Amino acid sequence: MMRAVWYEKKGTPDVLVLGEMPDPVPAAGEVRVRLAVSGVNPTDSKRRSNGRELDRFPRIVPHQDGAGVIDQVGEGVDPSRIGRRVWVFAAQAKRPFGTAADFTCVPSDYAIDLPEGTGFDAGACLGVPAVTAHRSLFADGDIKGKTVLVTGATGRVGRYAVQLAKWAGARVIATASTPEKRAEAEALGADVAIPHGKELLEAAKEAAPKGVDHVVDVAFGTNIEAVTVLMRPNGTIATYASDAVPAPVLPFHLLMYKNINIRLVAIFDMPEAAKRQAFADITRCLTEGGLKQRIDRRFPLDQVTAAHAALESGEIQGSLLIDIA
């Protein structure tokens, strides 16, 4: 029997239960990972609070991300994968059992080898944020030599977007809310860091007088007016969130006349080839020492409820990890 945290009804973090359940067995094409660390993202708390997928599964072990060691393989998987150190992607996407447990089973491709020298902590930070950043940057072609604007550059996705964009040869303008966060964005590789909110438009015009080619945006509804003005013709606005303005109003004609592409990013349903490319590029960037993580808080498995509460309070300013082993 393994330790696990689960929920059987939607609601506040108090619906989370710690207990024991049978060890999972990998199906054909799957591997089982003995987890060392689980990563917690906003998508995990949102799924718990709105009960997403409880109509399909009576019990859900949360969390998409994690890292550990493969200890079993299913039919059709090369046994040489046993013993490999891996990071895990999308453990609970359309599946009932995520990484808030001693073990999880995922398709073999979703357990990605960790490069030598990369620890489990770093691996558990990747998953949702790094793949989202990759899709937001590269879904519409090469960005080498382009000017890329990353909003919310010190957030979970933003920090990877800054680093991956620089790794790919782009000029990066980053937005952040405080001087300290702007300094952090520049330390991550941003060529220039500017305020966001009301100051974004004028500050970005000064940083990029000829405009920007590509945007990775965390607040689409809030930023769309300013971002549209900043865009060069035939550019792309890639966005993965619009929490403050969930029903945005678009400056349609200006977007149309500039031939702007709007890329909405939802990684769990993106093409498998795009996922594999993300895994390969993230691994290359890790190998070359190009990805830094910021771990804010960590909790033991028996305090997952407190971890979810801390995440929802807004007090987490970086990655949130759960120590399993």
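Asp281 is buried, with a relative accessible area of 9%, where buried means under 20% relative accessible area, exposed over 50%, and partly exposed in between (1.4 Å probe, protein chains only). The side chain of Asp281 meets that of Arg284 in a salt bridge of 3.8 Å, N to O; the term denotes a side-chain nitrogen of Lys or Arg within 4 Å of a carboxyl oxygen of Asp or Glu. Arg284 is partly exposed, at 45%.

The model is a predicted one, in which local features need pLDDT of at least 70 and side-chain atom pairs count only at pLDDT 80 or more, while totals for chains, interfaces and linings use all residues. Residues are numbered from 1 along each chain as its sequence is written, and side-chain values use heavy atoms, with hydrogens and water left out.

Helix α9 (residues 272-287) also holds Lys275 and Glu272, again three residues apart and about one helical turn from each other. Their salt bridge has its closest N and O atoms 2.9 Å apart. Lys275 is buried at 3% relative accessibility, whereas Glu272 is partly exposed at 38%. In helix α6 (residues 200-207), Glu202 and Lys205 are likewise three residues apart, and their side chains form a salt bridge at 3.8 Å, N to O. Here Glu202 is exposed at 52% and Lys205 partly exposed at 38%. Elsewhere, Arg47, Glu53 and Arg56 are linked in a network of salt bridges. The whole structure contains 22 salt bridges.

The overall fold comprises 10 helices and 15 strands; helices (H or I, at least four residues) and strands (E, at least two) are DSSP runs, numbered from the N terminus. The radius of gyration is 20 Å, close to the 20 Å that the globule rule gives for 325 residues, so the chain is as compact as a globular protein of that length. This radius is taken over C-alpha atoms, and the rule is 2.2 Å times the number of residues to the power 0.38. Of the 325 residues, 55% count as buried.

The interior can be followed through its nonpolar cores, each a set of buried Ala, Val, Leu, Ile, Met, Phe, Trp, Tyr and Cys residues joined through side-chain atoms within 4.5 Å. The largest has 87 residues, of which Trp87, Phe89, Val131 and Leu137 touch the most other members. A second, separate core of 19 residues includes Ile173, Leu200, Met231 and Ile237.

Val31 lies in strand β3 (residues 30-40) and is buried, with a relative accessible area of 0%. Beyond its neighbours within four places in sequence, its contacts (heavy atoms within 4.5 Å) include Ile70, Val77, Cys105 and Ala111.

Backbone geometry also deserves attention. Most residues other than glycine have a negative phi. Ala90, however, has a positive phi of about 55°, and Lys94 has one of about 60°. Ala90 lies in the loop between β5 (85-88) and β6 (103-107), and Lys94 lies in the loop between β5 and β6. Ala90 is buried at 4% relative accessible area, while Lys94 is partly exposed at 46%.
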